[in-house]
Amino acid sequence: MTAETQNLIETLATAHSLPQSDYQRLVEAHDDEAAAFAAGLARQAAEKAYGRTVFIRGLIEISNICKNDCLYCGIRRGNAVCSRYRLTPEEILDCTREGYALGFRTFVMQGGEDSWFTDEVLCALIRKMKAVNPGCAVTLSLGERSTASYERLRAAGADRYLLRHETADPVHYGALHPREMSFEHRMNCLRTLRRLGFQTGCGFMVGSPRQTAAHIARDLKFIEEFRPHMCGIGPFIPHKDTPFRDKPAGSADLTCFLLSLIRLMHPNILLPATTALSSVEANGRERGILSGANVIMPNLSPANVRDKYMLYNNKLSSGPEAAQNLRDLKDRMDAIGYKIVVDRGDSKL
Ligand code: SAH
């Protein structure tokens, strides 16, 4: 680690902001020593904001039917060999009942952009979910919808919305998405979600095809300025039935370094150690937490559909990623000095 790198990390830890060019320098110059240094400061920042606690969210993958054709994604419309499924509202409610009994107080409904899930269906589901599971928070991660739809979902009681921006560079966005998808529209959705009072999460993939250090610097600057409540980042991992099948996966080391930088820029942010990170690295969740993350999202989907929500090759959904194995997760967090808490885990922003 050079003196300059150390200096930049320290500045970020105190000023919570850097020029975009300095973010780029950090991304280009990072080495193991810099990562360890940033991680130490990031852990301190997370501990000051949240204590040594880890929030858990029960992830329910409600449908892998999607109208979009994102080039990186295994459930893209153009994947003809993907075996499609859609959970019924009753099945989804059952997942939350099981999760509530296990100690989950936040449920994340994620899925492809499946038009079967109309506002009417989702609003009724959100209301029931909240009635059945007292005090729980509901997070949605269902892609781009109209402002009117987001308004209705919010009015029905949805608390949070995750919509990764995927890349803050419009040209890079165009390299990851088909022509009919719009960078401006995605960014507008994020701004709308914030304005409507959702705890809002953005995020991006690390090492996606054609991504440069300059792109990542732009992502970091965007995250700094947008001030999201949550931010999901994980390595890009190729999927065998997508145009990016032969592209290399992103790096776990760089992902962890970026987690640390994001924690330093926004000490109060909710930052998950993602499934993608643990899918490329055996102790990915532990490494994520030790880099400044404070959220883990175990899989609560019904066992018979888990293999079908295959966003990328070898996506983990069983073993340590399964919500049913919470005991194991608790032990693993204990082993690194962290406690899983039964809590909604709201943002402190
Ligand atoms: N349809 C929703 C949910 C998408 S899946 C939406 O548009 O927001 C959730 C996230 O998985 C995506 O935002 C993307 O960042 C990530 N993802 C998709 N394919 C991936 C891949 N091949 N490798 C790593 N992450 C991927």
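Leaving aside neighbours within four places in sequence, glycine 201 is in contact with Tyr161, Leu162, Leu163, Arg164, Leu190 and Met230, where contact means heavy atoms within 4.5 Å. The structure is a predicted model, in which local features need pLDDT of at least 70, side-chain atom pairs count only at pLDDT 80 or more, and totals for chains, interfaces and linings use all residues. Residues are numbered from 1 along each chain as its sequence is written, and side-chain values use heavy atoms, with hydrogens and water left out.

**Overall form**

- The chain holds 13 helices and nine strands, taken as DSSP runs (H or I of at least four residues for helices, E of at least two for strands) and numbered from the N terminus.
- For 349 residues a compact globule would have a radius of gyration near 20 Å, and the 19 Å of the chain agrees with this; the radius is taken over C-alpha atoms, and the globule rule is 2.2 Å times the number of residues to the power 0.38.
- Along the principal axes, the C-alpha atoms of the chain fill a box of roughly 55 × 45 × 35 Å.
- Of the contacts in the chain with a separation of 6 or more, 76% are between residues 24 or more positions apart.

**Surface and charge**

- Buried residues make up 59% of the 349 residues, with buried meaning under 20% relative accessible area, exposed over 50%, and partly exposed in between (1.4 Å probe, protein chains only).
- The accessible surface of the chain is about 13500 Å², and 51% of this belongs to carbon and sulfur atoms; the areas come from the Shrake-Rupley method with a 1.4 Å probe, and for residues only the protein chains shown count as cover.
- There are 44 positive and 40 negative side chains, and the centres of the two sets lie 5 Å apart; Lys and Arg count as positive and Asp and Glu as negative, while His and the chain ends are not counted.
- The place of each charge is taken as NZ of Lys, CZ of Arg, CG of Asp or CD of Glu.

- Glycine 201 lies in strand β6 and is buried, with a relative accessible area of 1%.
- The C-alpha atoms of glycine 201 and serine 278, which are 77 residues apart along the chain, are separated by 20 Å.
- Leucine 163, one of the contacts of glycine 201, is found in the loop between β5 (160–162) and α7 (170–176) and counts as buried at 1% relative accessibility.
- Beyond neighbours within four places in sequence, the contacts of leucine 163 include Gly143, Glu144, Tyr150, Arg186 and Cys189, as well as Gly201 and Cys202.
- Leucine 190 is also in contact with leucine 163, and the C-alpha atoms of these two residues, 27 residues apart along the chain, are separated by 6.8 Å.

**Helices with a buried side**

- In helix α13 (residues 326–335) the buried residues are Leu326, Leu329 and Met333, and they cover an arc of only 60 degrees around the axis, which puts them on the same side of α13; the arc is that of the directions from the helix axis to the C-beta atoms.
- The face of α13 turned away from its buried side carries the exposed residues Arg327 and Ala335.
- Cover for the buried residues of α13 includes β1 (53–56), α4 (89–102), α12 (284–290), β8 (295–296) and β9 (339–341).
- Asp22, Tyr23, Leu26 and Val27 are buried in α2, and their arc of only 145 degrees around the axis puts them on the same side of α2.
- The buried residues of α2 have a cover that includes α1, α9 and α10 (252–265).
- Cysteine 123 belongs to helix α5 (residues 119–132), is buried with a relative accessible area of 8%, and touches Arg152, Leu153 and Ala156 when residues up to four places away in sequence are not counted.

**Positive phi values**

- Most residues other than glycine have a negative phi.
- Histidine 16, although not a glycine, has a positive phi of about 60 degrees; histidine 16 is in the loop between α1 (3–15) and α2 (20–29) and is partly exposed, with a relative accessible area of 30%.
- Arginine 210, also not a glycine, has a positive phi of about 70 degrees; arginine 210 is in the loop between β6 (199–206) and α9 (213–226) and counts as exposed at 68% relative accessibility.
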